[in-house]
Each structure stands twice: as structure tokens, then as C-alpha cells.
Amino acid sequence: IILLDRKEVLMVSVDHDLEKYKVDGYIPSKTISPKSPESLADLLRIASENKWNIIPFGFGNMMNIGSIPNGYDIALDLNQMPKYIQHNSEDLTVTCSSNTSFGELNLKLQEKQQWLPFDSPLINYQSVGGLLACNLPGSLNACFGYIRDYVIGMKTATPFGQITKSGGTVVKNVTGFDLTRLHIGALGTLGIITEASFKIIPLPDRQIYLRIDNENANALIDLSSLLNNILQSFGVAELLIDSLGVASIYITCLGTDKVVNEKLLEIKTILFDHEIDLTLNEIEDKEWLNIQDFGWINEDDLVMGRINCLPTDTIKILQQINLIVADNKKERIDTLTNSKRGVIKYKINTNNIEDTIQITENIRDKVKKHNGYTVIENSGTFDKNKLNIWGDIPESFPLMRKLKSEFDPVNILNSGRFIGDI
């Protein structure tokens, strides 16, 4: 036990049961659980002075994201810090601790018929801090925007032993450069988020979930794009194609009862007029969330990548991936495509290491020709030394490196796990 105050235990240090904090085969020498944001900041200062490599741990569900760490001295367990939710329903804002479960947060908001419209992978099993640090996209981003669009304030602990605050707890309070955005998607490499404030929106009157199945993937590719055009900002269609070519379109539609009924009628009319007999099935929300968890549930022997491109290029790239699938006889490849937001996810069951590497590079080459980019979101138990997790170094990398040197000059936070070994 580390005592930083005679009246209070401010953090707890443990050197057993360390296996559960393993990251890419690395096991820390110790785990430390700060009891407050202030003790967290003190620990980061001490770690910086001693050049200890730190990896922050929330719920631990997304630790496969990122490259292999440069070192791993301390696992920083954030779950012992105070948890709180401060909901101001009249102002449509909420402030919470970073170790709050997002599922718990949205349940609290729904008591007042409000919500945060996110459905990224394992959404209900992520901490708010982890959700912000990883910044994985979900289907509803196509309708409501990204999580960074809803963050209005943030507090972070820094390697200088400080708690910094940016933004605030009301919507119209940000002037100048919004520092909160630097930490969103940075994997905790610039500081550790301790608190976040969000603007929130009213819960839709109704949300439905639908599925269309067909054994001919080609029959559903153009249909999925057409459905996304019809749904506009009131819903989204995801196209799932398995390695055998069997396809399903998963749809969610939300809004007022009038809007949902109108969109449902338009969808049924298109299916009725389609040259192939297609059946529309209503499904439970759990099945929709399973689609959002594509590549993350019970998936050890896989490599799962995400392609981001222009929405207009999505179908072209998907068709080229389908050709790679057709030519490949050894590895199973499934894809999940959202043409509205220009995202294709693919997962390769890794039966053969060399084949997996070759397919990954082939896909990356195809995407480059359309000025898109590919990252590996989840590599399961695959050896990351054999994979290019982040792809090509972006043109903005010099700026990213400069920010890292300013925020974490000794490079103790998640060292090596972000783009370009940051």
C-alpha cells in the first residue's frame, strides 16, 4: 500500500494476479490502483521521473487494439477511483467519471428519455474513458455523428502530475482550439481521461431492427446502398457477407412513429419490386448489437481489419475484396460493409500465418488505390510482430509526434502502441 497522506490511502499496489493485465504477451511487474484523480496524477509524475512504462486499464475489453508496447512496468487499474454520473436533463448534458460503464450511463439517461447515440463494438461493456480513448466507430455514426461531436468537456491526468481541464459542462462554452479532441482516439498516449462531459439528445420514440437474407451476396450489395439512401439520417443498413458468399442486410431505423412507419413502407415497397424474392424479418436489438461486435466476440484465431474510404468507393472496394475471397482457398474471410459511412470491416480466420499476412497486404493495396486506409482493430492471438497494425505513416505524423513530446516527453504512456511507435 502506498500512503501519500496520513489520513487516507490514495493508491494500492499489488504484485500478484498480474496475468489478467497481460497485453500482447507482456505482463506488468506491478498493478497500481489509484483512489482519486489527484493520486493518479501523482503516480504519473513519479512514473515519468523514473521512466516507468505505464498502460492504463479500465474494463480491459479493448486491450487488443494497438501495436506491441515498448515496455510494460505498471498496469494502471482505474476501477478503484470514484464513480459518478451527474445528469442535467434540462440542459441536455451529463458529466461522468471515466471509469463509468457506458451501458450504465445510457441506462441513467434513458430514465429521462435521453441518450448518447453510440453503438461501437462492445459498447455496453466499455468504460467511458476506454470508449473515448479507442474511438471505434459504430453504425449510428452515419446518422448522428461521432463521439467527439458530443464531448463538451474533459479532465485528464498528465505525466507532469497535473489534472488538466478543457471545455466545460455546458454546451456553448468552448472557444479556440478544442483540446478534448486530442485525447479522443489517442489510446491514452497523451494523458489519462478522468472525467468527460457530453451533450445528449432526446431518445427516439421508436427504433426497429430488421434483417434481409440471401445466399447470393451480389444480389444484396446494390440493395444495401439503395436502402442506405432511403433511410437518410433515420437509419442505416449493414451488409454482412460470410466466406461462403451468404449475405444478410441488417437494418435499424429510428425516429418518430410516423418516420419509422414511412421508412418501413419504403423498404417493403423496394423489396416487393425487387427481381429476387426477399424476406424482411424483424429482429431483437441483441442481434443488432452482435453485428456491431463483429470481430470482437470469442474471436481468438483471427485478424480483423477496418477500412475507411469515401462512401462512393465502398462498393468498388468490397467487390475487389470479394475477388480476393474467391481466389483464396485456405482462409475464411467475412466482411461487414456500411456504404453510408464508407467503412468495411473484414475478419480472417488465421489457419495459416503466411496466407493471412498476404491477404491483409493485398486488401491494403486495393484500398490504397482508392485513397482509403486500413488498420487492424483486433488481431486475436496472432503475432503482431508479423502485422502492420496501423498501415502507412500519415502525413500528419510529425505533428502527432510533436504533440506526444509535449504531453508525454518521457514517453511512459502506452509507449509504442500508437501510430509510428508513439
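Because the model is predicted, local features need pLDDT of at least 70 and side-chain atom pairs count only at pLDDT 80 or more, while totals for chains, interfaces and linings use all residues. Residues are numbered from 1 along each chain as its sequence is written, and side-chain values use heavy atoms, with hydrogens and water left out.

**Arg417**

Select Arg417, which sits in the segment after helix H11 (397-407); helices here are DSSP runs of H or I with at least four residues, strands are E runs of at least two, and both are numbered from the N terminus. Arg417 is buried, a word that stands for under 20% relative accessible area, with over 50% called exposed and the range in between partly exposed (1.4 Å probe, protein chains only). What is the nearest side chain of opposite charge to Arg417? It is Asp24, 4.5 Å away, and Arg417 has no salt bridge, a term that requires a side-chain nitrogen of Lys or Arg within 4 Å of a carboxyl oxygen of Asp or Glu. In counting charge, Lys and Arg are positive and Asp and Glu negative, with His and the chain ends not counted. Leaving aside neighbours within four places in sequence, the contacts of Arg417 (heavy atoms within 4.5 Å) include Asp24, Met63, Leu187 and Trp390.

**Ser139**

Next, select Ser139, in the loop between helix H3 (128-134) and helix H4 (141-144). Ser139 is buried, at a relative accessible area of 0%, and among the residues it touches, not counting those up to four places away in sequence, are Asp119, Glu238, Trp288 and Arg341.

**The largest pocket**

Finally, select Gly185, Tyr373, Met400, Phe418 and Ile419, which lie nearest the centre of the largest pocket among its 39 lining residues. A pocket is an open set of points, on a 1 Å grid over the protein atoms alone, where a 1.4 Å probe fits, with protein on both sides within 12 Å along at least five of seven lines, and lining residues have an atom within 4 Å of a point. Strand E19 (373-378) gives the most to this lining, with five residues.
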